[in-house]
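Thanks for coming. I will go through a few local features of one model, starting with a helix pair and ending with charged side chains.

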Amino acid sequence: MKILIADDEQHIRNGLKMSLDYKKLKIDEILTAEDGAEAMEICRNEHPEIILTDIRMPGVDGLELAEKATHMYGAKKVLIMSGYSEFSYAQSAIRLGAVDYLLKPIRLGELEKTLANIVAEISSEDKKEELVYSSILKNMIAGRPADEDIRRKIAEKYEITGEAFLIIVKPVKDYAVLQPKNIKTEMLKAAESMKEAGFYLLMRDQESLILLWNAGDCLRRSEYKTLIKRALCSAFLTDCKWFAAVSMTGGMHELHRMYEQALKALDWHLLREKDRIIFYEDISAAAKSRTSSFSWTYIKEQISRLNMEDIRQMIAASFDELRKNQCTRRKEVQEFCITFKNLLLDVLKEKGVEIEGVMQKNEELFRSQLDYDVLSGYENWLKDCCYLILKDVLDTSGKQHSAVRKAIVYINKFYGQNITLAQIAADVQKSPNYFCYIFKKDTGMSFNEYLNYIRISKAKELLKTSDCMVYEIAEQVGYHDYTYFTKVFKKNCGCSPSEYRDNTDKS
């Protein structure tokens with residue numbers, strides 16, 4: 001909040017500026033003017049919310065300043081300073097909208113109390129105004145038009161002089177990826193910081209922010225994409241996953257159309273995971289959907305083998321098909337994942353496996369909300385889901401090969417040591433080739449995949465519970481090459497070890 005102190009006597013200006021604790025009053029900036037003309041220019045450029053002015057000044061007096069500042073430059077409250085002989089002037093000031101007047105000489109205690117009341121009143125009025133604007137904007141975005149006068153006021157509030165872009169920004173929901181706990185607060189701060197670049201926060205909900213950007217001359221310069229990308233990438237968090245969608249241009253009466261365009265562009269992040277910002281004009285006219293074209297009979301045949309590698313390949317091929325056919329309908333992807341998982345359970349049931357225990361053991365996974373913003377999130381969820389189901393079936397069925405069981409016990413106990421395939425195969429008295437075959441057949445994973453899975457799991461526990469340096473943890477879980485450890489960890493977890501620890505600490 002800004003205050004302007006206007007008085008033609010320098011010692012009064014300086015005294016009022018230096019004698020109060022404006023920070024305590026929640027006033028961030030103190031401006032001063034030595035006459036009415038300078039005060040008017042400051043109001044035109046800086047738009048102070050509060051004006052503390054002498055009633056008599058050369059050129060433009062306090063009454064004229066009060067009238068023009070409140071009606072033309074957005075001043076919220078004007079406080080007039082006057083002497084006893086100027087009482088009639090003070091009465092005129094109140095009629096013009098000045099909040100109050102103070103008799104000279106000014107008593108600082110009285111001034112401080114009056115300013116505190118003014119700040120509280122402005123804050124209350126601002127909140128009420130924001131609620132009104134928010135309600136109107138929600139209606140406009142939902143397709144319920146507002147009259148021209150209201151649209152004009154909103155355009156003035158957000159300094160929209162012509163055409164504008166509507167932008168939706170939201171944090172990415174992805175499987176097994178932790179976002180910073182304070183991400184919503186930080187994104188709001190980022191949005192507020194973009195005002196200088198002409199970006200204004202229209203609305204916010206539980207998940208996303210809706211911004212408006214005044215296009216200005218950028219339409220003629222054809223630079224808007226670069227400017228929007230630069231502004232968003234410099235303002236928003238770099239330690240979290242976020243993405244944005246940008247509409248075509250339009251006026252305030254076209255907010256509904258612009259919002260629908262941004263939503264459609266937002267859906268395309270399901271496919272274009274690497275693009276943080278997608279423009280509506282760049283997406284296809286209509287997304288395709290081919291989930292119904294999958295041969296569930298063929299998929300069931302592959303699942304019936306109960307070989308995890310075959311199932312993983314089938315899942316990967318299915319998602320490659322979804323990407324190829326540009327499926328952006330999240331609901332259909334969710335239905336595909338649930339159908340695939342249920343088909344696996346049906347196959348197990350047909351084979352006489354008691355699946356109730358499997359279901360109960362993995363209840364948290366099955367009951368988790370299957371709602372991600374990228375296809376890889378659904379793909380990884382389905383792979384993990386199928387792996388856990390088959391792993392539990394193998395663990396409870398007692399059919400796992402004794403050599404594989406012995407190898408798994410050894411790996412879980414000595415994962416921090418230098419373990420090789422040749423060594424393990426010799427210990428269980430099998431040839432390396434045959435051991436690889438039975439290990440993958442029984443676990444659905446290759447020997448190295450399982451070894452990395454155990455080591456990374458242990459590393460995640462240490463990152464959560466210990467204060468050891470990351471390179472020390474790498475050594476403890478069996479990785480003597482820190483670069484390779486980081487590469488494997490990121491492949492399995494979607495983030496670096498340091499990022500995983502930071503996110504865990506914040507949550």
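Before the details, the ground rules. This is a predicted model, in which local features need pLDDT of at least 70 and side-chain atom pairs count only at pLDDT 80 or more, while totals for chains, interfaces and linings use all residues. Residues are numbered from 1 along each chain as its sequence is written, and side-chain values use heavy atoms, with hydrogens and water left out.

Back to the helices, which are DSSP runs of H or I with at least four residues, as strands are runs of E with at least two, numbered from the N terminus. Helix α17 covers residues 402–414 and helix α19 residues 432–443; the angle is about 85 degrees and the axes are 9 Å apart. Axes are lines fitted to C-alpha atoms over the stretch in contact, with angles from 0 to 180 degrees between N-to-C directions. On the α17 side, A403, V404, A407 and I408 meet F435, I438, F439, D442 and T443 of α19, contact being heavy atoms within 4.5 Å. Those residues divide into 7 nonpolar, 1 polar and 1 charged.

Next, D7, in the loop between β1 (2–6) and α1 (10–18). D7 has 0% relative accessibility and so counts as buried; buried is under 20% relative accessible area, exposed over 50%, partly exposed in between, with a 1.4 Å probe and protein chains only. Its side chain reaches the backbone nitrogen of E9 at 2.9 Å. Beyond four places in sequence, the contacts of D7 include R13, E34, D54 and K104.

Now salt bridges, meaning a side-chain nitrogen of Lys or Arg within 4 Å of a carboxyl oxygen of Asp or Glu. The count is 20. One of them joins K2 and E46 at 3.1 Å, N to O. K2 is in strand β1 and E46 in helix α2 (residues 36–46), 44 residues apart.

Which residues form a network with R330? K170, K173, D371 and D373 are linked with R330 by salt bridges. The R330 to D373 bridge has its closest N and O atoms 3.1 Å apart. R330 lies in helix α13 and D373 in the loop between α15 and α16, so this pair ties together parts 43 residues apart in sequence. D373 is buried, at 1% relative accessible area, whereas R330 is partly exposed at 24%.

Technical notes:
Ala, Val, Leu, Ile, Met, Phe, Trp, Tyr, Cys and Pro count as nonpolar, Asp, Glu, Lys and Arg as charged, and the others, Gly among them, as polar. A polar contact is a pair of N or O atoms within 3.5 Å; within protein, one must be able to donate a hydrogen and the other to accept it, and residues adjacent in sequence count only if both atoms are side-chain atoms.
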